[in-house]
Amino acid sequence: MQERSSVAELAEQLRRELDRYSPGGKLPSSRSLVERFRVSPVTVSRALAQLTAEGLVVTRPGAGAFRARPRVPLAVAGDTSWQEVALSADGAADVVPRTVDASGVTVCLATPPPGVIEFSGGYPHPSLQPEKAMAAALSRAGRRPGAWGRPPLDGLPELREWFAREIGGTVTAAEVLIAAGGQSALTTALRALAPPGAPVLVESPTYPGMLAIARAAGLRPVPVPVDSDGVKPALLADAFRATGARVFVCQPLFQNPTGAVLAPERRPEVLRIAREAGAFVVEDDFVRRLVHEDAGPLPRPLAADDPDGVVVHVSSLTKATSPSFRVGALTARGPVWERLRAIQVVDTFFVSRPLQEAALELVGSPSWPRHLRALSAELRARRDAMTAGLRLHLPELALPHIPSGGYHLWLRLPDGTEESALTSAALRAGVAITPGRPYFSAEPPAGYLRLSFAAVAGAGEIVEGVRRLRAACDEVL
């Protein structure tokens with residue numbers, strides 16, 4: 001957080017000073033900028049890179065940085081209004097209109113302004129990422145024989161084998177496809193399993209990115225409520241009968257956003273109900289590696305106890321590593337595997353081989369289990385710090401469930417609270433939060449918000465963020 005802030009501040013200062021130099025004029029050396037502003041060489045390098053990306057500065061290796069010459073004026077923009085008609089007419093014949101709404105996803109991907117505490121982030125803070133281990137793995141991977149060649153379409157055999165072992169049961173490497181992260185795998189699964197216009201059963205509330213995938217494919221999300229023990233089997237059976245759906249998407253472990261774990265007695269019920277409906281269960285096992293230190297033994301993935309090919313399993317390394325380490329797996333049994341494979345090949349060809357090689361190097365190194373243990377302990381400490389702060393300073397925000405895995409808390413707002421008003425007030429107070437509305441495919445039963453404790457620098461920022469949220473609540477509630 002401090003490094004990002006320093007880069008932004010230095011870039012702004014240099015931006016203001018550019019008028020001192022004529023076009024093509026040389027800027028001070030990096031060494032002099034380090035001494036003048038008392039920042040690190042890395043900060044100077046990143047600030048200059050930012051100005052270069054904006055077209056304000058040109059860098060020449062061995063010569064330094066120079067003010068860029070004025071750009072040639074762009075041609076007058078054409079008239080693109082015709083596209084409104086073309087794009088709206090494109091889906092006129094669809095049973096369910098395809099809508100591409102990424103707002104529920106971008107709120108988790110957006111970088112807050114400098115000084116704003118990020119309770120909205122969906123990925124671990126750099127301090128939680130195994131940056132040195134990833135860099136070493138990528139370096140070793142680049143030197144592997146054939147590392148820059150074309151990989152097998154299904155993924156590297158050793159990496160497929162690793163993911164199969166992680167799932168357990170009778171799952172084999174032959175049933176695993178390497179995917180470019182969980183979002184890509186979910187997209188492939190829904191396209192493979194349901195035709196446009198079809199209903200797809202989803203947990204309520206659920207991950208907004210999955211709802212966006214479904215709607216972009218012309219599918220109709222149908223909500224099935226969850227409680228602290230996961231999806232309710234009786235309501236799931238009712239939903240299958242009422243809709244004729246052939247797909248149910250769920251997160252049985254540390255569900256997003258509630259943090260619920262599917263209860264042991266419900267696990268076989270979910271599989272039985274889906275099997276009797278002739279339907280698939282897409283298991284999004286997205287945070288198994290973000291278990292907290294006090295969680296105890298975890299239940300196996302549903303796919304590990306599924307001999308009949310009901311479950312299509314999705315997992316990823318991204319949440320436990322870095323947003324840019326986009327390596328995951330799509331696992332299925334039976335004829336559906338070929339359809340999944342065909343769609344993935346058509347869409348992406350294959351996942352970058354150097355990245356697959358780096359994933360193998362990472363998960364096979366002694367640093368991987370050490371990283372997971374450290375991450376587990378830190379996530380528990382952050383969860384406890386946020387929980388304690390909320391209970392002390394914001395008791396009016398109900399916290400129905402404290403998860404033992406994942407990276408966020410799900411809070412119910414007092415009746416009558418406007419989520420949008422609280423979100424805006426929080427941002428003015430210097431803390432970014434996520435409203436609950438995008439997590440529901442139908443009308444929500446109440447107002448909610450989701451608070452992430454993974455994207456901040458540490459417990460100190462959590463304490464300060466809760467204090468700022470208290471000020472926002474005082475303004476709105």
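Biologist: In which strand is H313 found?

Modeller: This is a predicted model, and in it H313 is found in strand β10, residues 311-316.

Biologist: Is H313 buried or exposed?

Modeller: Buried means under 20% relative accessible area. H313 has a relative accessibility of 1%, so this residue counts as buried.

Biologist: Which residues does H313 touch, not counting those up to four places away in sequence?

Modeller: H313 touches I167, E283, D285, P301, A303, A329, L330 and T331. With one of these, D285, there is a polar contact between the two side chains, at 3.3 Å.

Biologist: How does one describe two packed helices?

Modeller: One gives the angle between their axes and the distance between the axes. Here, the axes of α10 (residues 233-243) and α11 (residues 266-276) come within 10 Å and cross at roughly 10 degrees. Angles under 35 degrees count as roughly parallel, and therefore α10 is roughly parallel to α11.

Biologist: Which residues meet where α10 contacts α11?

Modeller: From α10 there are P233, L236, A237 and F240, and from α11 there are R266, E269, V270, I273 and A274. Seven residues of this contact are nonpolar, two are charged and none is polar.

Biologist: How do the strands of a sheet pair?

Modeller: They pair through backbone hydrogen bonds, in either a parallel or an antiparallel manner.

Biologist: Over how many bridges do β12 and β15 pair?

Modeller: β12 and β15 (residues 448-452) are joined in the antiparallel sense over five bridges. W410 stands opposite R450 in β15.

Biologist: Is helix α9 mostly covered or uncovered?

Modeller: Helix α9, residues 208-216, is mostly covered, with seven of its nine residues buried. Among the buried residues are P208, M210 and I213. Just after this helix, G218 takes a positive phi of about 75 degrees.

Biologist: Lastly, which residues are in contact with R470, leaving aside its neighbours within four places in sequence?

Modeller: R470 lies in helix α16, residues 459-476, and is in contact with H393, L394, P395 and E396. The backbone oxygen of H393 lies 2.8 Å from a polar atom of the R470 side chain.

Methods. Residues are numbered from 1 along each chain as its sequence is written. This is a predicted model: local features need pLDDT of at least 70, side-chain atom pairs count only at pLDDT 80 or more; totals for chains, interfaces and linings use all residues. Side-chain values use heavy atoms; hydrogens and water are left out. Buried means under 20% relative accessible area, exposed over 50%, partly exposed in between (1.4 Å probe, protein chains only). Helices (H or I, at least four residues) and strands (E, at least two) are DSSP runs, numbered from the N terminus. Contact means heavy atoms within 4.5 Å. A polar contact is a pair of N or O atoms within 3.5 Å; within protein, one must be able to donate a hydrogen and the other to accept it, and residues adjacent in sequence count only if both atoms are side-chain atoms. Two strands pair if DSSP finds at least two bridges between them. Axes are lines fitted to C-alpha atoms, for helices over the stretch in contact, and angles run from 0 to 180 degrees between N-to-C directions. Angles under 35 degrees count as roughly parallel, over 145 as roughly antiparallel, 65 to 115 as roughly perpendicular and the rest as oblique. Ala, Val, Leu, Ile, Met, Phe, Trp, Tyr, Cys and Pro count as nonpolar, Asp, Glu, Lys and Arg as charged, and the others, Gly among them, as polar.
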